[in-house]
Amino acid sequence: NMYKEDFGNMIEENRNSSDSSSAFTHTNTMSAVLITAYSVAFAGGGIGSITMSFVLVKMNTLSVTTTAIINLVVVHSLLLFTVPFRLHYYVNKKWVFKMAFCKMVSAMVHIHMYLTFLFYVVTLVIRWLIFFQWKDKVEFYRKLHAIAASAAVWVFVMVFVVPVLFFEYGRSGSYNDTTCFKFHKELQQESVKSLNYTIIVAVACITCVLLGLQIFILVKVARRLSTSLWSHQEFWAQVKNLIFICVIIICFLPYHLFRAYYIQHVNDFEQLESYNEVFLSLTALSCLDLLSFVLSGS
């Protein structure tokens with residue numbers, strides 16, 4: 001009897017371990033891609049955030065652009081804090097932390113993406129206002145105004161976005177405690193589908209408008225400075241604006257375009273979920289923007 005019990009326990013343990021490993025759907029190749037993407041984001045983003053923090057400390061003025069960059073450092077740092085937990089999961093193929101923390105880590109990638117997108121748009125719009133000479137320079141009259149504007153954004157996120165994500169995330173269906181980032185069952189709800197489609201269209205349209213406007217400005221500058229184009233500071237200032245738009249096109253747009261297909265075919269085959277995770281990992285590479293600003297002297 002004792003041998004039978006031991007044998008039964010051994011079978012049960014094997015079944016449980018195989019269940020937990022099969023719950024981790026990513027292949028070795030996909031895991032390697034995810035580990036690489038998040039490792040690059042963590043290393044480059046960390047160096048960029050630290051370096052940019054030193055640069056910002058030395059600055060006396062607090063323009064709207066500078067305030068947006070400060071907020072970028074904060075939002076990148078929050079994402080980078082969660083990255084080691086993602087890497088731990090992808091390496092060990094098992095989530096050993098609480099499910100509530102899994103939701104937070106999962107939600108942080110999305111919060112990071114849309115806040116980064118917002119700060120990019122604000123920075124570009126301010127720079128264009130200055131270019132079209134509607135404003136000589138856009139500065140907050142007091143540091144308190146800059147803090148208040150930033151606080152308003154963060155309070156909105158903490159009061160409206162975080163609670164909704166935390167309480168609504170993972171409500172559809174039961175999820176394995178040892179498996180994280182598998183919340184695709186939510187997409188079966190029509191309201192969630194509609195919200196996703198709305199966001200996809202909004203991001204795609206805003207990106208097209210940003211790119212179109214920047215090309216228009218570059219052409220305008222090129223015509224005005226036709227002889228001394230390459231040596232003129234104004235031309236290079238507009239080229240540097242393209243860094244923001246390139247990050248949006250490379251890091252954010254692929255995820256949203258694939259998302260439209262993913263929502264339609266979410267239940268067709270399991271590997272789609274891995275592709276969605278890979279496209280989502282691209283959004284984390286936007287953390288490298290601060291490093292590119294430092295290296296380009298922007």
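The questions below cover confidence, annotated spans and two single residues.

User: What is the mean pLDDT of the protein chain?
Analyst: This is a predicted model. In the protein chain, 78% of residues reach a pLDDT of 70 or more. The mean pLDDT of the chain is 79.

User: How many contacts does the stretch at residues 6-22 have beyond near neighbours in sequence?
Analyst: Over residues 6-22 the pLDDT is below 50. Beyond near neighbours in sequence, the number of contacts for this stretch in the model is 2.

User: How far apart are the end C-alpha atoms of residues 111-132?
Analyst: The unreviewed UniProt entry lists residues 111-132 and 278-296 among its "transmembrane region" features. Residues 278-296 are 79% helix and 0% strand, with end C-alpha atoms 28 Å apart. Residues 111-132 are 95% helix and 0% strand. Their end C-alpha atoms are separated by 32 Å.

User: Is S274 buried or exposed?
Analyst: S274 sits in helix α8, residues 271-284. Leaving out residues up to four places away in sequence, S274 touches T25, H26 and M30. Buried means under 20% relative accessible area. S274 has 0% relative accessibility, so it counts as buried.

User: What is the relative accessible area of V159?
Analyst: V159 belongs to helix α5, residues 143-168. With V155, F156, M158 and F160, V159 forms a nonpolar surface patch of about 520 Å² accessible area together. V159 is partly exposed, because its relative accessible area is 48%.

Methods
Residues are numbered from 1 along each chain as its sequence is written. This is a predicted model: local features need pLDDT of at least 70, side-chain atom pairs count only at pLDDT 80 or more; totals for chains, interfaces and linings use all residues. Side-chain values use heavy atoms; hydrogens and water are left out. Patches are made of residues with over 30% relative accessible area and no salt bridge: like charges are joined within 9 Å, nonpolar side chains (Val, Leu, Ile, Met, Phe, Trp, Tyr) within 5 Å. Accessible areas come from the Shrake-Rupley method with a 1.4 Å probe; for residues, only the protein chains shown count as cover. A salt bridge is a side-chain nitrogen of Lys or Arg within 4 Å of a carboxyl oxygen of Asp or Glu. Helices (H or I, at least four residues) and strands (E, at least two) are DSSP runs, numbered from the N terminus. Buried means under 20% relative accessible area, exposed over 50%, partly exposed in between (1.4 Å probe, protein chains only). UniProt positions are given in the numbering used here, feature names are shortened, and annotations may be inferred rather than shown by experiment. pLDDT is the predictor's confidence in each residue, from 0 to 100. Contact means heavy atoms within 4.5 Å.
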